[in-house]
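Thanks for coming. I have one chain to show today, and I will keep to what can be read from the model. Here it is.

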Amino acid sequence: MFCYHDDSLVNKKWFLHTLNKIFPDKHLAGHGFRDGGITELILRGFPPYIVQIEVLFSKRTDKVKLQSLEINAPVIILVGKTGAGKSTLGNHLLRISDDDKSTFEVSGDFDSCTNKSSSAVYKIGDKSYNIIDTPGIFDTNKPNKDILDEIARTVQKCAYGIKAILFVFEAKRLTDEQKNVIDGISTFFGEEAFLYMISVFSNCNKINTNDPKKFERSWNKKVRMFVNRMGNRWAISPNPDIYPLGTSMHEKCLENLENTIISLNGVYTNELLEKTRKEQEDRARIAREEKERRQKEYDEIKRTEGKAKAEAEYLKRKNEDDERARIANENHLNELKNDMIKKINDLERTNKELIQKNKDEIERLVQNSQNELNQNENRIGNLRRENEELRNKLNNQGGCFWLETRVKLESGRVIRMSELQVGDRVMSNIRNGIEEFSDVYLIAHVGKLDHEEKFTKISFTKPNGSKGQLRLTITHYVFNENLSIMFAKDLQPGETKILVSDGKNMLVPVIVDDITNEWYDEYISFYTRAGTVIAENVLSSCYDDCPPSQSLMDLIFLPVRWWTVFKPSTHREKRLHPYVQFLETTYFSLINFIA
Ligand SMILES: Nc1nc2c(ncn2[C@@H]2O[C@H](COP(=O)(O)OP(=O)(O)OP(=O)(O)O)[C@@H](O)[C@H]2O)c(=O)[nH]1
Ligand SMILES: [Mg+2]
């Protein structure tokens with residue numbers, strides 16, 4: 001009757017269903033089929049042979065439960081008040097629904113359904129644990145010593161101690177009974193146990209499950225303190241009525257709980273459990289010995305001095321013993337408390353040290369970063385200054401001829417550039433044997449500088465054999481033999497050929513003899529409508545510090561060339577002409593941007 005054909009054990013559901021089919025009038029509930037459920041069977045008038053078989057069934061199922069213990073794995077223990085939902089949570093963690101072949105027996109009866117602890121091997125990832133489901137042992141009733149011993153034995157069999165104590169309690173209320181449960185646990189496991197405890201709320205409604213933060217905010221002071229005592233570790237046991245096995249919220253709740261379990265550091269060791277248990281046993285032994293002693297005294301006094309005297313003496317002794325036990329108990333609790341406080345202080349100290357260490361490290365890093373930042377800022381400042389200086393220098397410098405440079409006017413007169421006026425027609429080119437003259441339409445700047453500027457002195461030998469020199473700022477353009485413009489500083493002595501007037505209306509390519517640097521504080525920058533000028537017999541550009549294209553520059557200067565036709569420029573001063581200044585600034589900004 002209790003096995004399938006292949007000898008495997010039947011489950012409770014099948015067994016109950018079969019019995020109700022045989023005895024339809026008995027309305028049998030699951031409660032009768034646990035150890036201790038025999039009374040219900042007898043009360044309901046079952047024949048003795050059924051009761052006997054039920055006992056056998058229970059023993060066999062217990063055997064199955066004990067087999068599922070892995071001694072090399074730590075323990076996760078389920079505790080809480082009777083009916084709190086411990087077994088339900090145990091099954092959920094095993095991903096078994098309660099109406100399946102459930103490992104841990106679940107019941108809606110008022111008295112404890114689980115009356116023996118049972119275990120099952122359970123995995124989080126690839127790590128194994130033994131889940132131990134316990135009866136509601138820490139309720140108002142005195143904990144059953146046998147059950148406590150059994151739990152202790154089971155835990156001790158597992159060499160790796162307790163990983164987590166899941167304290168299951170109903171979300172709706174936190175009663176004094178819960179307080180008894182907590183006291184019971186702390187007496188049994190010791191205060192240390194709270195370091196490994198997680199509160200798990202059962203019977204949560206939909207709103208609380210969906211929004212745990214809101215649920216947390218709704219706790220009253222009692223619940224908050226309760227959870228605080230467990231290091232604020234808490235989770236929600238999925239309510240099977242709302243979120244049955246297989247739903248994503250059910251799984252999410254369990255995963256949260258599992259993550260909290262994994263996050264616990266270390267395990268509650270068996271030595272501690274053993275120590276606490278031993279202390280308890282000692283106190284129980286002392287109480288037992290005192291009771292025996294009192295009884296002996298009572299018997300003796302009763303025999304010699306009568307019952308009344310014996311009873312009075314007995315009561316007096318009992319009160320004294322009770323008081324002693326109370327004080328011992330209190331001392332023990334104080335010791336536990338002090339021990340706990342010491343551990344918390346140690347933890348706090350370690351924490352503080354860690355924080356200080358981190359703070360020092362952070363300060364050091366901040367200081368280093370600050371230093372680096374300062375250095376970078378300095379570097380940026382220097383670069384900016386250098387850039388600014390360079391720009392100023394370039395802006396001030398422009399590209400200029402030395403003031404003493406000579407040019408030929410259309411009248412045939414040779415004058416120094418310092419004498420040049422807007423409207424003068426200076427020789428600008430020689431083409432096809434004809435000297436060309438062009439109007440000076442703009443003197444961009446002229447005068448004495450505040451500082452000395454670097455000039456290039458181009459030395460060359462004229463076609464008639466005499467020596468000539470042209471002095472102009474290093475980035476002023478002159479033409480080479482190919483009629484391309486080149487910076488004065490880039491001319492290569494002995495290599496580059498410049499175009500020099502031969503005095504017979506011809507421009508002849510002449511090799512540059514020498515290039516040297518000289519410093520002057522006088523300068524002039526002017527523009528002819530042709531954009532060129534024959535300066536010191538050398539075909540030169542009027543442009544400087546600009547893209548190396550004469551035609552492009554002619555185009556860029558077109559507006560001012562036109563403008564000065566209608567309104568001749570009167571600018572003749574040290575300050576750079578605004579239009580030229582604008583062009584240079586734009587050009588340098590562009591170069592800086594590209595750089
Ligand atoms: N609605 C609801 N019922 C629950 C929840 N958890 C458990 N129950 C029900 O509460 C009753 C008791 O659940 P158990 O898991 O047997 O409780 P227990 O803590 O193991 O009880 P004991 O073994 O007697 O100490 C059963 O009817 C469960 O179905 C829950 O989250 N929500
Ligand atoms: Mg149970």
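First, the ground rules. This is a predicted model, and local features need a pLDDT of at least 70, side-chain atom pairs count only at pLDDT 80 or more, and totals for chains, interfaces and linings use all residues. Residues are numbered from 1 along each chain as its sequence is written, and chains are lettered from A and ligands numbered from 1 in the order in which they are written.

On confidence: pLDDT is the predictor's confidence in each residue, from 0 to 100. The chain averages 80, and 74% of the residues score at least 70. Over residues 55–67 the pLDDT is below 50, and this stretch has 11 contacts in the model beyond near neighbours in sequence. A contact here is two residues whose C-beta atoms, placed from the backbone, lie within 7 Å. Where pLDDT is low, the predicted coordinates should not be read in detail.

Now the make-up. The chain has 15 helices and 17 strands; these are DSSP runs numbered from the N terminus, with helices being H or I of at least four residues and strands E of at least two. Of its 595 residues, 30% count as buried. Buried is 20 or more other C-beta atoms within 10 Å of a residue's own, exposed is 12 or fewer, and partly exposed is in between, with C-beta atoms placed from the backbone. Among contacts with a separation of 6 or more, 66% come from residues 24 or more positions apart.

Next, helix H4, residues 86–93. How many of its residues are buried? Eight of eight, so to speak the whole list: Lys86, Ser87, Thr88, Leu89, Gly90, Asn91, His92 and Leu93. The cover over these buried residues includes strands E1, E2, E3, E4 and E5, and helix H10. Just after H4, Arg95 takes a positive phi of about 60°.

Strand E17, residues 538–544, is also mostly covered, with seven of its seven residues buried. Strands pair if DSSP finds at least two bridges between them. E16, residues 532–535, runs antiparallel to E17 and is joined to it by four bridges, and Thr532 has Ser541 as its bridge partner. Two residues lie between E16 and E17 in a hairpin, and Glu536 in that turn has a positive phi of about 50°. E12, residues 476–479, is antiparallel to E17 too, through two bridges; there His476 partners Asp544.

On to the cores. A nonpolar core is a set of buried Ala, Val, Leu, Ile, Met, Phe, Trp, Tyr and Cys residues joined through C-beta atoms within 7 Å. The largest has 46 residues, and those with the most contacts inside it are Ile443, Ile498, Ile524, Phe526 and Val538. Elements giving two or more residues to this core include E9, E10, E16 and E17. E10 gives the most, with nine residues. Apart from this core lies another of 40 residues, among them Tyr122, Ala164, Met197 and Cys204.

Last, single residues. Most residues other than glycine have a negative phi. Asn203 has a positive phi, near 55°, and sits in the loop between E5 and helix H7. Asn203 counts as partly exposed because it has 19 C-beta neighbours inside 10 Å. Leu483, in the loop between E12 and strand E13, has a positive phi near 65°. Is Leu483 buried or exposed? With 10 C-beta neighbours inside 10 Å, Leu483 counts as exposed.
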